[in-house]
Amino acid sequence: MNKIFKKFSFTFLCFALIGCGNDNFKAQSELGGLRVLALSANTPEINSAATVTVTPLISYVDGGGATINYSWEACPDPGIDFGAEVSCDSSPASLKQSSSGSFNTNTLSASLFTGVATSISVVVSPAIFAYFASLDSDLQFNGVDYLVIVTYTDSNNGKEVTALKRIRLTSKAGGDLNTNPTFGGMLFNNSAILAYPTSEGDFLLSSTSAPQTYSQITNVGTKTFSEDMFISWYASSGEFLSNRTDVGEKSTFDPKGSSGIFVAVYRDGRGGVSFDVESF
Amino acid sequence: MRLNIYLSLNILLMSTCFAQTGIKGVLFEKGTRNVLAETNVFIMPHKLKATTDSKGRFLFPDVPKGKFNFIVNKSNYLRIDIESTKNETNYELYLEKEFYDVFETVVTGKEIKKDVAKKSLSQKDFLKAPGAQEDPVKAVQNLPGVASQTFSSQIVIQGSEPDDTRYSIDGHEIPLIFHFGGLTSVVTPTAVREVEFLAAGFGPEYGRALGGIINLNTRSAKTDRWHGEGFMDITKLGALAEGPITEKSSLITSARISYFGKIVEKVAEEMDDFGVTAAPEFQDYYINYKYDISDDERFSLVAISSKDTLELIVKEIDNPSFEGNISNVTTFNRVIPRYYKKINDKTKLDVSVAVGSDNLTFNLAERFFELNSTVITQRGEVEYKYNDKLTNYIGTDIQLRKVELDIFLPNNLSGGGVNTAGSESTFARIEDEDVNTAVYLRNIFKYNEKLSLSPNLRVEHFSTTEESYLMPRLNASYTLSDSLFLNFATGFYYQAPQNGQNSKEFGNPDIGAEKSTHYLFSVVKDFRQGSNKGLTLDVGVFYKELEDLIVSTDDRRSDGTSIRNTNDGKGTVQGLQLQASYKFDEYTLLTSYTFLKSRRNDPENGTYPSEFDQTHNLNLIGIYERSRWSFSTRLRYVSGGPYTPVEGASYDADGDVYIPTRGDFYSERFDDFFQLDFRVDRKFIYKKWILSSYLDIQNITNANNGQGISYSYDYSEKEKSAGTPIIPIIGLRGEF
């Protein structure tokens, strides 16, 4: 265990001495360039063949109404957590699918070229489930990921971004499947946000759904866990001091200018997601 | 009657002028209060002489009444000429040394060494090493073959990996040698007798390491009287006490505590843009009890404890996977009883056992890592001197570790040194028991006056892999002349999978031990011709063949489970190392230089430089000592280390993290590292105590030596990490 001792030791000194932050970089919460903010599946976890709709939340504030080409492919997770490339190149053709299209950022659902873009229909076929059924039974219970990889490209300058989304295949019963979390909306200083803030204050989500509990087979038997919920905050102008908060935790916002959009993305840490966009 | 009165007055007066009295006293060394034996003390102008006995006592039985002067003139001490005090008959005289500490480099080759691959630094070597802040392990970084690193808790030896180095105290392995990423090592420096550095070709006493060993040998207490010292610098303070308990037993104890965290905390409060609020603190304790059963038999008990604590509130940092409240506590403890007996003129026995625990708790928001392990290690050695030509050593080196680990963290991959945070945490509880059992045999055979051969063997069984290995090793020395020596060492080295690499939950239970074959050839030339001035030179070349290295893979088995690790890695390390020392008058010049080429190969990435492939590593040290002052400077030049470029990133929309796309492994290099350090020491010698002070200014030119890259949250922007700025460190030590 010496390696673990040493790595923790180094990491903490790094934090302690130099903070590990860098103010010269653009903040994660700052909207501007072409970005994928969320990919939401209507059913993040399935236990039989189904067509899953993936809804992208896109922002391209600086794009000025650019046309975006997109292409997507889907395949069993090649092992990204273990170093595999984010790609379906190594998957058998029978388990892969792909498609492409385009849209103009003027058509995104919210203002400032931000909002829901063209959704993606992923067919998790019986053939894919047949492959799934050939795997280790513990893996089947805990879930095997079917990966959706989407690439968006600005047709004007070729700038592209790639994002991935996991659709979890499991042998769990229907009632135990993961669902997307929900929330009422964004609050600013504990009130519904009705205009762009004129002074520093705190953002918070209202009426957040409770974390789901879920079972996993571990090396000491089946254990029950609770989801670890978190919120990501974005703004087109002004600055969130914390770009990510836990449920119930406020994120302080320092406004700049008099208009802009705010985005909150609520995640359950295992594929479930919901979001809200407010424009002023 | 008048005549009688006159005579009486005369007699009285004469008896006053010519009366004699006894004068006695003790002669001490100033500052240390060490008694000075066999030293001549003169009383002038009476031309009387006395010689001190073994307790420093002197006696002048008949000294004429009146004023006189004590004169003592002893080699290596400042002459004293002190006027007597009226009516005083008992004196304490203090003689001041010309030099209290003389910095010396390691002199190799004067006699046949037990291990030609070993270098050691004594306490006086490392306490004054520039840039080391009196730390024994930091001083090792001035030696050839040791990679130069900043803010690292690891010592990288001759192009190996950090995990290929083992750390030990009195031969017993410990999990950490440094507090907090290299701040200071885990034992009070003045409690350490010497630090041993074993590199390519090291002997059979040690194993489980492909690279090398750093071993701290602690010391027992001084027994002449009770001594004490207190010390402090900008990060910590501590104290040490030692002395005799009875005629046969003695005790040394020390404790240190840091206040560094309080400073960081205050700084963080004042800075809006400081990324974290932190309170890192450490403490360590050391006890060494020794009991001399007889002249040939002794028992000792060493206890050591170390604790590092950290709590962070992360406000905003670039890597979202680190956000949240973080706490970490790292402790380890060892109690080491040891028994030594000289059985007869030919046979000696040395046995010790270390019992202790290693504990690590890490919490990151809801995620955690809790490790509790019980550790027992045993060492035993019998030395048998068969005759003047042959000496045998047979020994055991056993390690038992019982581990309980609860973990709920995402898989974290750092291929090519680029970190990828996993998306989802998984839980596992591991209860495991490892036993590594080794038996070794060392034979030192002096074939003739010139040639000494040491064919050695280590046999070891790793319970984790259920494998046993034969590890033949050879040391050879040839004396070409009184001042020219040739050394050769070679051997096989095996290292069992570490840190769950072969666990079912996190690794691959089918993998085996890693292997390395070492070769070392060195030439030692001593140009000093018997004096302590002049040049000594130690030049060596080494080569290491690495096989069955454990590398990560994204391959899966047919049932979809991840293989995670294989033994498909291999590599080579080749290098040249040079150590030179030149001493004249009050000046000492030291040089260490390493040329290195370290390569790794695995099926997925081909051949690439290792992370610690520092082509050139040069240390130039200059020291000037005069009276109570010592000035030293160190120049370090190191080739920029390799790193893996990040060529893009994909957004993981489930975890809200970016997954970097790695370029060719270690295909780019950081800028070269250049650092100039300066240190000044000043001793203040008082009669009964000494105050030592130093100012150690690191990176006096404020060169930006960052050996890292910072990336923006999506890896689209990057910036060279800031290196260590100019850092002045002040230290004080009072000792009596």
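1. A residue is called buried here when its relative accessible area is under 20%, exposed when it is over 50%, and partly exposed in between. The model under review is predicted. By these limits Phe280(A), at 28% relative accessibility, is partly exposed, whereas Phe262(A), at 0%, is buried.

2. These two phenylalanines deserve attention as a pair. Phe262(A) and Phe280(A) form a tilted aromatic pair, with 6.1 Å from centre to centre and 55° between the planes. The pair links distant parts of the chain, 18 residues apart: Phe262(A) belongs to strand E19 (residues 261-267) of chain A, and Phe280(A) to the segment after strand E20 (273-279) of chain A. Both are members of one aromatic cluster, which also includes Phe188(A), Tyr196(A), Trp233(A) and Phe253(A).

3. Over all chains the structure holds 47 aromatic pairs.

4. The charged end of Arg679(B) sits over the ring of Tyr694(B), 4.1 Å from its centre. Arg682(B) lies over the face of Phe684(B), with 4.5 Å to the ring centre.

5. In soluble globular proteins, nonpolar side chains tend to be buried together.

6. Which residues of helix H2 (residues 126-133) of chain A are buried? They are Ile128(A), Phe129(A) and Phe132(A). These residues cover an arc of only 95° around the axis, and therefore lie on the same side of H2(A). An α-helix has 3.6 residues a turn, so residues three or four places apart point the same way. The cover over the buried residues of H2(A) includes strand E5 (97-104), strand E7 (120-124), helix H3 (137-142) and strand E8 (144-154) of chain A.

7. One disulfide is counted over all chains. Cys75(A) and Cys88(A) form a disulfide, with their sulfur atoms 2.1 Å apart. The torsion about the S-S bond of Cys75(A) and Cys88(A) is about -80°, so the disulfide is left-handed. Cys75(A) lies in strand E4 (residues 67-76) of chain A and Cys88(A) in the loop between E4 and E5 of chain A, so the pair ties together parts that are 13 residues apart in sequence. Cys75(A) is buried, at 0% relative accessibility, and Cys88(A) is also buried, at 0%.

8. A cis peptide bond, with omega about 10°, joins Met44(B) and Pro45(B); Pro45(B) is found in the loop between strand E2 (40-44) and strand E3 (48-51) of chain B. Lys47(B), found in the loop between E2 and E3 of chain B, has a positive phi of about 55° although it is not a glycine. Lys47(B) counts as exposed because its relative accessibility is 67%.

9. Arg564(B), also a residue other than glycine, has a positive phi near 70°. Arg564(B) is found in the loop between strand E30 (534-552) and strand E31 (565-584) of chain B. Is Arg564(B) buried or exposed? With a relative accessible area of 18%, Arg564(B) is buried.

Conventions: Residues numbered from 1 in each chain as written. Chains lettered and ligands numbered in written order. Predicted model: local features only at pLDDT ≥ 70, side-chain atom pairs only at ≥ 80, totals over all residues. Heavy atoms only, no water. Phe/Tyr/Trp six-rings, centres within 6.5 Å; stacked < 30°, edge-to-face > 60°. Helix = DSSP H or I, 4+ residues; strand = E, 2+ residues; numbered from the N terminus. Buried < 20%, exposed > 50% of the residue type's maximum accessible area, 1.4 Å probe, protein only. Lys NZ or Arg CZ within 6 Å of the ring centre and 35° of its normal. Arc of directions from axis to C-beta. Contact = heavy atoms within 4.5 Å. Disulfide = S-S within 2.5 Å.
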